[in-house]
Amino acid sequence: MEVMRNRNIYPSKIMLVGEYSAVLGGSALTIPFYKYHATVRNINDIPPGKELQTSQSLKYLYHFIHDLPEGFFHAAPDLELFSGQMEKYWLDMSIPIGYGLGSSGAVSAAIYELFFPGSENLSLQHQKEDLAAIESYFHGKSSGVDGLTCYVGKPLYFREDGSIQKAEFNPAEIPLGYRFFLLNSGERFETGPLVTHFLKQMKDPGFASSIRNEYLPLNQKLIESLLGHRKADPAMLVRVISDFQFTHFRKMIPDNMIDAWIEGQISNEYYLKLNGSGGGFMLGITHHTSSESLKERWKQELVWIE
């Protein structure tokens, strides 16, 4: 039986495959990650020091949604409810901002569920479009992928044809005994400027050709491997993606991760790739037998995705 997400808790998201592919409508595979999450709480339970920041953020978001044209959303926002109730809530957030874990997506998901009546009855595609509009408040442009993953709380497969489906995927059961992990760079990057940089790069015909003819097909193959639809070594596919990102997405990689990135390519013990738009956590893959040696290598606890 399917386990439903707690309606007060909105998980962070991890994009296992599809960084910048999703911006172009390409395929992506995302999972909710409940280790980090946003929890909707009553204002009476707020600890000292958080009230002003939380209530102000909701007010700004309310005005943004209020100023959008009527009929803009598939599920119309109840603006009267939003205006009257927003000061009764605050979001207890454990999702680090600027780390590629979808903090703005979790906020968007919470607002969508609280103040957009009937949203739960829409198709995944329509929910994604609504959440993209809400999240654009934070980044200027959003695919809606993060918000939908946080809202649904299930692994999602975004196909190139625009369709979306809930995926049967367990990150603790990756083919051939591999495990995904997060490596903390300690460097916070803002999503908006990175997406703007990428879209500017896409105006270059050579760069755009590499993305569409090399990068997008690689993402598709990795998704098919992880979902068991293709017999291929997922780590080897991550290795090729890692090399591509190092060459073409250098701006998105923190300087203090360069050596670790290269060491993985040389040693073949692990491989790193972007997690989200860049900065924050790097997403890595390794064989389960290497977990202790990696912990010793970096002198830090890794965040294992399971």
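How many cavities of 30 Å³ or more does the count come to? In this predicted model, the count comes to one cavity of 30 Å³ or more, and the space in the largest cavity amounts to about 40 Å³. The lining of the largest cavity is formed by Val 40, Leu 58, Tyr 89, Trp 90, Leu 91, Ala 110, Ile 111 and Leu 114. Two or more residues of this lining are given by each of strand S3 (89–93) and helix H3 (103–115). In terms of residue class, the lining of the largest cavity comprises eight nonpolar residues, with no polar and no charged residues.

Another part of the model is an open sheet of four strands, which follow one another in the order S7-S8-S6-S9 with antiparallel pairing. Strand S7 (270–274) and strand S9 (303–305) are the edge strands, each of them pairing on one side only. From one strand to the next, the twist averages 30 degrees. The antiparallel pairing of strand S6 (residues 178–184) with S9 extends over three bridges, and Phe 180 has Ile 305 in S9 as its bridge partner.

Helices pack on this sheet as well. Helix H8 (residues 234–248) touches S6, S7 and strand S8 (281–287), and the direction of H8 makes about 50 degrees with that of S7. Helix H10 (residues 291–298), which also packs on the sheet, touches S6, S7, S8 and S9, and the direction of H10 makes about 15 degrees with that of S6.

With regard to the aromatic side chains, the count comes to 24 aromatic pairs. A pair of aromatic rings is described by the distance of the centres and the angle of the planes. For Phe 207 and Phe 249, the ring centres are 6.4 Å apart and the planes stand at 55 degrees, so the pair is tilted; an angle over 60 degrees would count as edge-to-face, and one under 30 degrees as stacked. This pair links distant parts of the chain, 42 residues apart, with Phe 207 lying in helix H7 (residues 205–226) and Phe 249 in the loop between H8 and helix H9 (258–267).

Terms used
Residues are numbered from 1 along each chain as its sequence is written. This is a predicted model: local features need pLDDT of at least 70, side-chain atom pairs count only at pLDDT 80 or more; totals for chains, interfaces and linings use all residues. Side-chain values use heavy atoms; hydrogens and water are left out. On a 1 Å grid over the protein atoms alone, a cavity is a set of points where a 1.4 Å probe fits but cannot get out, and a pocket is an open set with protein on both sides within 12 Å along at least five of seven lines; lining residues have an atom within 4 Å of a point. Grid points are joined across faces, edges and corners, and a volume is the space filled by probe spheres set on the points. Ala, Val, Leu, Ile, Met, Phe, Trp, Tyr, Cys and Pro count as nonpolar, Asp, Glu, Lys and Arg as charged, and the others, Gly among them, as polar. Two strands pair if DSSP finds at least two bridges between them. Axes are lines fitted to C-alpha atoms, for helices over the stretch in contact, and angles run from 0 to 180 degrees between N-to-C directions. Contact means heavy atoms within 4.5 Å. Rings of Phe, Tyr and Trp (its six-membered ring) pair if their centres lie within 6.5 Å; planes under 30 degrees apart count as stacked, over 60 as edge-to-face and the rest as tilted.
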